[in-house]
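Have the viewer open as you read.

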Amino acid sequence: MIKSSKNRLTPQQQPLFPGNNLFDKIARAVCRAGTLPRKELHEAWEMAKRVRRKYRGGRVMDLACGHGLLAHIMLILDDSSQTAVAVDKKIPLNAGKLSKALISTWPRLKNRIIYKQVPVQEITIFPDDIVVSAHACGALTDLIINRAIEQRARVAVLPCCHNLKESSTYGLEGWMEKTLAVDTVRAMKLRSKGYQVATQIIPDDITPKNRLLMGEHLKRQPVEKKKSQNSLYQTKINEQ
Ligand SMILES: C[S@@+](CC[C@H](N)C(=O)[O-])C[C@H]1O[C@@H](n2cnc3c(N)ncnc32)[C@H](O)[C@@H]1O
């Protein structure tokens, strides 16, 4: 099976994923929706599982979400996140079809995934959010990192389409490949803003744009310690 295939998964391809494991179950739901290229299924899965091994709970903000598969998988993997907001300046018309297929397999997700068709610039982020973004092109990844930093929210990005005019290499390209320099600068920026940084890669047979950058602010107050603020936080979420 070519995991990097850009061919759309269709209901006829469900037998390719016959197992009882979680990935195959998600893959069959994606096939039933018939909306996504195979590559995006693998990218979202590989990213979500690595992020969830590090960060639990919090409202999920899937920024530049496309169809929003990542938002769904983040909740499937960790039910302690109450909601996920899937944000894109142009939500694809068939995103609803994908969501419906996943929710009919995981009814507990009903009313917990909120699509918002707005630019990332206009979205409100809260400190307990977990900001995720797969393949936000070029400097959009920088914007997303900056939006997370403003609130000291946890962040995980899988950068792509590096724009060397807009994203800095800090002159590191004499020592390393240019796009690696951009991502290194991003990691160092998070560190300089008080984040504990983690870097991983997802398998390169899915995508060569496979560097996963994650960060959690060292002074982030765990949600459990903020019980007194919880009702205010919930109200704010409901207002979104
Ligand atoms: C390469 S796609 C990635 C989609 C999805 N995350 C994925 O992994 O398949 C980049 C997405 O960013 C969105 N986008 C571009 N600029 C944006 C902005 N300023 N605010 C929100 N979304 C934006 C586009 O509409 C597009 O859906």
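Sorted by class, the residues in the shell around the ligand come to nine nonpolar, two polar and five charged. Bear in mind that this is a predicted model. The shell counts 16 residues, and A64, G66, P119, V120 and A134 come nearest to the ligand. Two elements, α2 (38–54) and β4 (130–137), each give two or more residues to that shell. Of the elements, β4 gives the most, with four residues.

**The fold as a whole**

Zooming out, the chain has seven helices and seven strands. Read from the N terminus, the order goes α-α-β-α-β-α-β-β-α-β-α-β-β-α. The radius of gyration is 18 Å, close to the 18 Å that the globule rule gives for 240 residues, so the chain is as compact as a globular protein of that length. If you want the dimensions, the C-alpha trace spans about 50 × 50 × 30 Å along its principal axes. Buried residues account for 40% of the 240 residues. As for contacts with a separation of 6 or more, 65% of them join residues 24 or more positions apart.

Which residues have the most contacts inside the largest nonpolar core? They are V30, L70 and V131, in a core of 59 residues. Helix α3 gives the most to this core, with seven residues. Take V30 as a way in: setting aside neighbours within four places in sequence, V30 is in contact with L9, L36, L41 and L98.

L98 brings us to helix α4, residues 95–105, where A95, L98, S99, A101 and L102 are buried. Looking down the axis of α4, you'll find these buried residues within an arc of 160°, so they line one face of the helix. There's a simple piece of geometry behind such patterns: an α-helix has 3.6 residues a turn, so residues three or four places apart point the same way. What do the buried residues of α4 pack against? Their partners are α1 (22–33), α3 (69–77) and β3 (113–116).

**Two residues up close**

V51 lies in helix α2, while K116 sits in strand β3. Is V51 buried or exposed? V51 has 26 C-beta neighbours inside 10 Å, so V51 counts as buried. K116 has 17 other C-beta atoms within 10 Å and is partly exposed.

Not counting residues up to four places away in sequence, V51 touches V132, A156 and M214. With neighbours within four places in sequence left aside, K116 is in contact with V85, V87 and I123.

Each of the two can also be paired with a residue further along or back in the chain, as the table shows.

| Pair | Apart in sequence | C-alpha to C-alpha |
|---|---|---|
| V51 and V131 | 80 residues | 10 Å |
| K116 and K90 | 26 residues | 9.0 Å |

V131 in the table's V51 pair is also one of the residues with the most contacts inside the largest nonpolar core. And K116's strand, β3, is among the elements that the buried residues of α4 pack against.

Definitions and conventions:
Residues numbered from 1 in each chain as written. Predicted model: local features only at pLDDT ≥ 70, side-chain atom pairs only at ≥ 80, totals over all residues. Near = placed C-beta within 6 Å. Nonpolar A, V, L, I, M, F, W, Y, C, P; charged D, E, K, R; others polar. Rg over C-alpha atoms; globule rule 2.2 N^0.38 Å. Buried ≥ 20, exposed ≤ 12 C-beta atoms within 10 Å, placed from the backbone. Contact = placed C-beta atoms within 7 Å. Arc of directions from axis to C-beta. Core = buried A, V, L, I, M, F, W, Y, C linked by C-beta atoms within 7 Å.
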